[in-house]
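Welcome! Let's take a friendly look at a few spots in a protein model.

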Amino acid sequence: MLGRISTVLGLQIGAILVGTAIVAFLLILPAVPSLRDLPIGASIHLSLALGLLCIANSPAIVIAMINETGARGPLCDTALAATVCKDLVLVILLTILLGFVPVAFATEGEGGGGLVADAAWHLVGSIGFGVIVGVAMHYAAARIEKRIDVFIVLSGFAIAFASDALHLAPLLVALVAGFTQANIWPERSERMFHSIERLLLPVYCVFFATAGAGIPIDAVVQLWPVALLLVGTRLVLVWAGTTVGAKAAGLDANIRPWLWTAFTPQAGVAIALALELDNALGDRPFVDDLTAMLLAAIAINEVLGPLLMKFGLQRAGEIPKPADRKSTRLNSSHTVISYAVFC
């Protein structure tokens, strides 16, 4: 199973990254006035960043759609496992790319000295610190009998502040911490992850309200055609890369034409990565336009993606009739992403 998922993800990620980067470099960046005159190095860097962000999809929406429809089958299993694995790879790749911002966007007094060491610390340090945090949180939570939700909230703030002080990637730290607990102590960590699921609604409200408050409306109005081009490019590449990957992996012929639909939704993880890019670029004059375009595209994918996924599940025959549905629970592996989104 792992080999098949790796084949699907390898071809899908490669197609989306390369295809989106080419379209972004040739069409999307030149269409945005503030991005039109960037140096070629900066344009290539941003094009690759757009490609990585287009790779992201939403584990939370995948899980919600499976639970809502009661779907079961190889498409659901493959999509869920691939989504969790892909987001771990994606966060690592974006962390590496952001480490090269000082060189790609070098200005006077801003050079690339110590780039390799800084990028290595940002990546390896985040992974190592995430493992330490995961182990510490597990043993601390085992000694807490009540109000574990308060402990989780405080841990989230601690991860954010510690990561900022140590110049680490908080999203990667949280992702690794959740991955460590869910895979080393899958049964003993269930209580913590169930508490996280109950906390997701208020956290999402604050998260999306904060993200939305930072979107300049005039930029969205001006850039919506570019956002639609980005969305259309992503959908075509997701379809092509996933379909080719599913065929190369030898997946069931019944799910090959529809597996791609499970990778179309975007939500919290994509927004978090877009904001990470925003923070890494600082106060450069084009950042507002870039962020507005990305959030507009993510919002479109957030609306369109679940519709496409439900259609794909129906066509693959994995949605049972209402009378045949039973209440089901997903494996605890999905809590890896729940924890990452929360933090």
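This briefing covers aromatic pairs and one glycine.

The model is predicted, so local features need pLDDT of at least 70 and side-chain atom pairs count only at pLDDT 80 or more, while totals for chains, interfaces and linings use all residues. Residues are numbered from 1 along each chain as its sequence is written, and side-chain values use heavy atoms, with hydrogens and water left out.

**Aromatic pairs**

- A pair of aromatic rings is described by the distance of the centres and the angle of the planes.
- Searching the whole structure gives 3 aromatic pairs (rings of Phe, Tyr and Trp, using its six-membered ring, with centres within 6.5 Å; planes under 30 degrees apart are stacked, over 60 edge-to-face, the rest tilted).
- One of them is stacked: phenylalanine 157 and phenylalanine 161, 6.4 Å centre to centre with 20 degrees between the planes.
- These two are separated by about one helical turn because they are 4 residues apart in helix α7 (residues 148-166); helices are DSSP runs of H or I, at least four residues, numbered from the N terminus.
- Tryptophan 258 and phenylalanine 311 pair edge-to-face, at 5.6 Å centre to centre and 85 degrees between the planes.
- That pair links distant parts of the chain, 53 residues apart: tryptophan 258 sits in the loop between α10 (217-249) and α11 (268-281), phenylalanine 311 in helix α12 (residues 287-315).

**Glycine 250**

- Glycine 250 lies in the loop between α10 and α11.
- Leaving aside neighbours within four places in sequence, glycine 250 is in contact (heavy atoms within 4.5 Å) with Arg4 and Arg256.
- Glycine 250 and valine 8 are 242 residues apart in sequence and 9.7 Å apart in space, C-alpha to C-alpha.
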